[in-house]
Amino acid sequence: MSQSHKHSSHPQISARLKRANGHLSAVIAMIADGRPCNDIAQQLQAVEKAITNAKRALIHDHIDHCLDSNDSDQVIDTKSFKDITRYL
C-alpha cells in the first residue's frame, strides 16, 4: 500500500463526495418509490455534477501541489501530468 498522501483540500473534496453519496441514495429511493423519470434524471444530473466537481478539484489540487515546480532545477514530470489530466 502507498504512503499517506493528504492535501488541505481533501476534507472539502470528501464533503462534496459525501453530498453526492446522499444524492445517490435519494435517487435509489426515488426509483424504489416509483418517482417520475424526469425527477430521477434531474437528481442523477446533480450526482454526476457533484462527482465531476470533486474530481476536478482533486486533479487541480494535485497539479498545484504535486506537479507545480517553483524550483528551476526541478522539471515537472510530464508522464505524471499526462496521467492525472486524462481524468479531466
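Student: What makes isoleucine 13 count as buried?

Tutor: In this predicted model, isoleucine 13 has a relative accessibility of 9%, and buried means under 20% relative accessible area, with exposed being over 50% and partly exposed in between (1.4 Å probe, protein chains only); isoleucine 13 therefore counts as buried.

Student: Which residues does isoleucine 13 touch, not counting residues up to four places away in sequence?

Tutor: Isoleucine 13 touches Ala54, Ala57 and Leu58 on that count, where contact means heavy atoms within 4.5 Å. Isoleucine 13 and alanine 50 are 37 residues apart in sequence, and their C-alpha atoms are 9.8 Å apart in space.

Student: Where does isoleucine 13 lie, and what is called a helix here?

Tutor: Isoleucine 13 lies in helix H1, and a helix is a DSSP run of H or I with at least four residues, while a strand is a run of E with at least two, both numbered from the N terminus. The protein chain holds three helices and zero strands, in the pattern α-α-α along the sequence.

Student: Why is the pairing of aspartate 39 with arginine 35 called a salt bridge?

Tutor: A salt bridge is a side-chain nitrogen of Lys or Arg within 4 Å of a carboxyl oxygen of Asp or Glu, and the N to O distance between arginine 35 and aspartate 39 is 3.5 Å, so the pair qualifies. The structure holds one salt bridge.

Student: Are these two residues, aspartate 39 and arginine 35, buried, partly exposed or exposed?

Tutor: Aspartate 39 has a relative accessible area of 26% and arginine 35 one of 41%, so both are partly exposed.

Student: How are residues numbered, and what limits apply to the values?

Tutor: Residues are numbered from 1 along each chain as its sequence is written. Local features need pLDDT of at least 70 and side-chain atom pairs count only at pLDDT 80 or more, whereas totals for chains, interfaces and linings use all residues, and side-chain values use heavy atoms, leaving out hydrogens and water.
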